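Subject: Structure handover

Hi,

Here is the structure I said I would pass on. Please open it alongside this email. My notes follow below.

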Amino acid sequence: MKIIKADIIVCSPGRNFVTLKIYTDQGIYGLGDATLNGREKAVATYLEEYCIPCLIGKDPANIEDIWHYFYRGAYWKRGPVTMTAISAIDMALWDIKGKALDTPLYNLIGGKSRGKILVYSHAYGKDIEETVDVVGRQMEEGFHAIRAQSGIPGIDDVYGVSKADKPYEPAQRQLPKESLWETEKYLNHLPKLFKRLREVHGDDPHLLHDAHHRCTPVEASRLAKELEPYHLFWLEDPVSGELQEGLRLVRQHSVTPLAIGEVFNSIYDCTTLMTEQLIDYIRMPIVHGGGISHLLKVAAMASIYHIKTGFHGATDLSPVNLAASLHFDMAINNFGIQEYMPHQPVVNEVFQSDYYFDKGYMVIGDRPGLGVDIDEKAAKKFPYQRAYLPVNRKMDGTMFHW
Ligand code: KDG
Ligand code: MG
């Protein structure tokens, strides 16, 4: 089999998505998600200008060799743009292999390790009581694991909380929105939220929280320690992860489980975290972490250190990535949990998938490959629109992590 052509489909059904479609001389094609929120065209150009010309004529069966061709062969290794492009190629090649062998992806990477995939939802409210109510509603919908974020008195714009009466979507079709932040207010507020959640909803639901890279190690240590009585499933991104050693302090001071990695893009971003057992869950998604081939290595290394996966799954990762993630979650032994933020219904006009939510779990079908397709005619109805994630400043104007 030979690769004869590859197209990039950039569309915006409610939000931007970049999809790579690789065609073979035997009529089989494969899809890969290449969406990097707020930097979509950078990945599309990298693929178009540098990767696709080198793909033509290659045998799509040689996934490992092609991965290294683009990783080692580029000389300029790693980085989110490059790794998202490599991830998209890798996903598309696994999709082709599954279709060629007429078997679902999970079968190619170990078969079924479980029957269904535990997912967590997003609950948020303008204040503690509203968040507590939303968590209750999601428990009634069947979720066993729920991420809780709430508005904070004195902070106008809080990560993970939608002010408008519509689903949370941080990327906006305007120049970056500037938010203002004060960590001290957040640290004082958060334990009150989780105290109330346990009072009202008891011990059963798995509760998660995303600190979204906002704390220093000592602030994160205080937070993780004060949250201990409420037994979180995980505290996510307690510190910014560029300095892996920053997690040491948090670990020394608390037994709250820690998750990190949604902005990582290679195994080298988390080797210290794994070998020193500084985390409990690794969140690098397939779309930004080097694809299925690289994540298999990350998951294998994680398993040695009792670390489980908890793939990023926000709505800026397309249904192609979600399908690949669910197959992966199904196959590996050290799967932990999958983030699940349902896409807006309009997204289903463009992408057709066979996964579905059932009583707190995702279930996948047995279509060959990733089991997801794209309707290119429908995609054309939703042209790309430039959008940015917000930026964040401290109250005095200093630039801060978002
Ligand atoms: O594009 C950025 C979002 O994907 C991110 O802010 C979402 O932190 C996130 C999460 O945990 O889903
Ligand atoms: Mg996050």
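Helices and strands here are DSSP runs, numbered from the N terminus; a helix needs at least four residues and a strand at least two. By that numbering, R78 falls in the loop between α2 (63-71) and α3 (80-101). One caution before the rest: this is a predicted model.

R78 has a phi near 65°, which is positive even though the residue is not glycine. Most residues other than glycine have a negative phi. R78 is partly exposed, at a relative accessible area of 33%.

Q277 also has a positive phi, about 50°, and is not a glycine either. You will find Q277 in the loop between α9 and β10 (281-282). Its relative accessible area is 37%, so Q277 counts as partly exposed.

D210 sits in strand β7 (residues 206-210), while E262 sits in the loop between β9 (258-260) and α9 (271-275). The pair therefore ties together parts that are 52 residues apart in sequence. Are D210 and E262 buried or exposed? D210 is buried, and E262 is buried too.

Ligand 1

Ligand 1 is surrounded by 15 residues. The closest are N37, H212, E262, D316 and E339.

- D210: a polar side-chain atom lies 3.0 Å from an oxygen atom of ligand 1.
- H212: an N or O atom of the side chain is 2.8 Å from an oxygen atom of ligand 1.
- E262: a polar side-chain atom lies 2.7 Å from an oxygen atom of ligand 1.

How much of ligand 1 does the protein bury? Taken alone, ligand 1 exposes 330 Å², and the protein buries 93% of that. The space that ligand 1 takes up is the second largest pocket.

Other side chains

T131 is in helix α5 (residues 128-140). Its relative accessible area is 0%, so T131 is buried. What does the side chain of T131 reach? It reaches the backbone oxygen of D127, at 2.8 Å.

S179 is in strand β6 (residues 178-181). With 5% relative accessibility, S179 counts as buried, because the cut-off for buried is under 20%. The side chains of S179 and D157 are joined by a polar contact of 3.0 Å.

I267 lies in the loop between β9 and α9. E262 is in that loop as well. I267 is buried, with a relative accessible area of 12%. For scale, I267 and K58 are 209 residues apart in sequence. In space, I267 and K58 are 26 Å apart, C-alpha to C-alpha.

Where to begin

D210 has a polar side-chain atom 3.0 Å from an oxygen atom of ligand 1; for E262 the distance is 2.7 Å. Then turn to R78 and Q277 for the positive phi values.

Best wishes

Conventions. Residues are numbered from 1 along each chain as its sequence is written. Chains are lettered from A and ligands numbered from 1 in the order in which they are written. This is a predicted model: local features need pLDDT of at least 70, side-chain atom pairs count only at pLDDT 80 or more; totals for chains, interfaces and linings use all residues. Side-chain values use heavy atoms; hydrogens and water are left out. Buried means under 20% relative accessible area, exposed over 50%, partly exposed in between (1.4 Å probe, protein chains only). A residue is near a molecule or strand if one of its heavy atoms lies within 4 Å of it. A polar contact is a pair of N or O atoms within 3.5 Å; within protein, one must be able to donate a hydrogen and the other to accept it, and residues adjacent in sequence count only if both atoms are side-chain atoms. Accessible areas come from the Shrake-Rupley method with a 1.4 Å probe; for residues, only the protein chains shown count as cover. On a 1 Å grid over the protein atoms alone, a cavity is a set of points where a 1.4 Å probe fits but cannot get out, and a pocket is an open set with protein on both sides within 12 Å along at least five of seven lines; lining residues have an atom within 4 Å of a point. A molecule sits in a cavity or pocket if more than half of its atoms lie within 2 Å of its grid points.
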